[in-house]
Amino acid sequence: MAAEWRALWDELGVQGDEFIRTTDLKHATPCMAFQTVPRKRFRLPGHYTGQYCIYDNAYVDVKPGENCPDCGRPTETVTEPNYFFKLSAFQEPLLDWYAKHPDFIQPEARRNEVLSFVEGGLRDLSITRTTIRWGIPVPAKSRTSFTSGLMP
């Protein structure tokens with residue numbers, strides 16, 4: 001698809017500073033940081049289940065049986081094995097840090113927004129996918145790959 005996008009931009013006279021692809025080499029190094037996350041402490045194998053729109057190729061935040069909010073077509077429930085970053089382990093440490101360093105987040109309106117978000121509960125974050133063929137592969141043992149976007 002990248003070649004098609006570039007050709008279309010050339011035809012339309014569209015210019016940009018940079019054309020970024022998920023598979024660009026510069027993405028590989030940060031993705032390989034996956035290996036440095038302590039395995040049993042913060043990088044956990046699990047299963048992600050969510051509503052998926054096959055037409056938009058995206059997970060969407062709707063209940064089972066509801067249509068895609070973007071295209072209006074039916075979604076399906078998909079479950080796939082992957083790895084999670086244990087973001088939930090950082091809720092209390094972050095709240096403690098913010099309390100001890102009240103000027104860390106500025107302006108105050110953004111501080112209140114961040115505090116509200118963290119106080120609302122941090123959920124573990126899905127960081128790999130197994131049902132796609134594109135992206136940056138993680139070590140062979142995991143049989144998953146990183147994507148440019150994160151699942152909700």
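Is R110 buried, exposed or partly exposed? R110 counts as partly exposed, since its relative accessibility is 43%, where buried means under 20% relative accessible area, exposed means over 50%, and partly exposed lies in between (1.4 Å probe, protein chains only).

## Basis and confidence

This is a predicted model, in which local features need pLDDT of at least 70 and side-chain atom pairs count only at pLDDT 80 or more, while totals for chains, interfaces and linings use all residues. Residues are numbered from 1 along each chain as its sequence is written, and side-chain values use heavy atoms, with hydrogens and water left out.

The chain has an average pLDDT (the predictor's confidence in each residue, from 0 to 100) of 84, and 88% of the residues score at least 70. Where pLDDT is low, the predicted coordinates should not be read in detail.

## Salt bridges

With a salt bridge taken as a side-chain nitrogen of Lys or Arg within 4 Å of a carboxyl oxygen of Asp or Glu, the count comes to two. One of them joins the side chains of R110 and E113, at 2.9 Å from N to O; both residues lie in helix α5 (residues 108-119), three residues apart, which is about one turn of the helix. E113 is partly exposed, at 47% relative accessibility.

A salt bridge also links the side chains of K26 and E18, with 2.0 Å from N to O, and K26 counts as partly exposed at 45% relative accessibility.

## A buried glutamate

E80 lies in strand β3 (residues 76-85) and is buried, with a relative accessible area of 0%. Its side chain is joined to that of Y59 by a polar contact of 3.3 Å, a term for a pair of N or O atoms within 3.5 Å in which, within protein, one must be able to donate a hydrogen and the other to accept it, and residues adjacent in sequence count only if both atoms are side-chain atoms.

## Cysteines

A disulfide is a covalent bond between the sulfur atoms of two cysteines. Counted as a pair of cysteine sulfur atoms within 2.5 Å, disulfides come to zero here. The sulfur of C53 has its closest cysteine sulfur in C71, but the distance of 3.6 Å is too far for a bond. C53 is buried at 0% relative accessibility, whereas C71 is partly exposed, with a relative accessible area of 27%.

Methods
Helix = DSSP H or I, 4+ residues; strand = E, 2+ residues; numbered from the N terminus.
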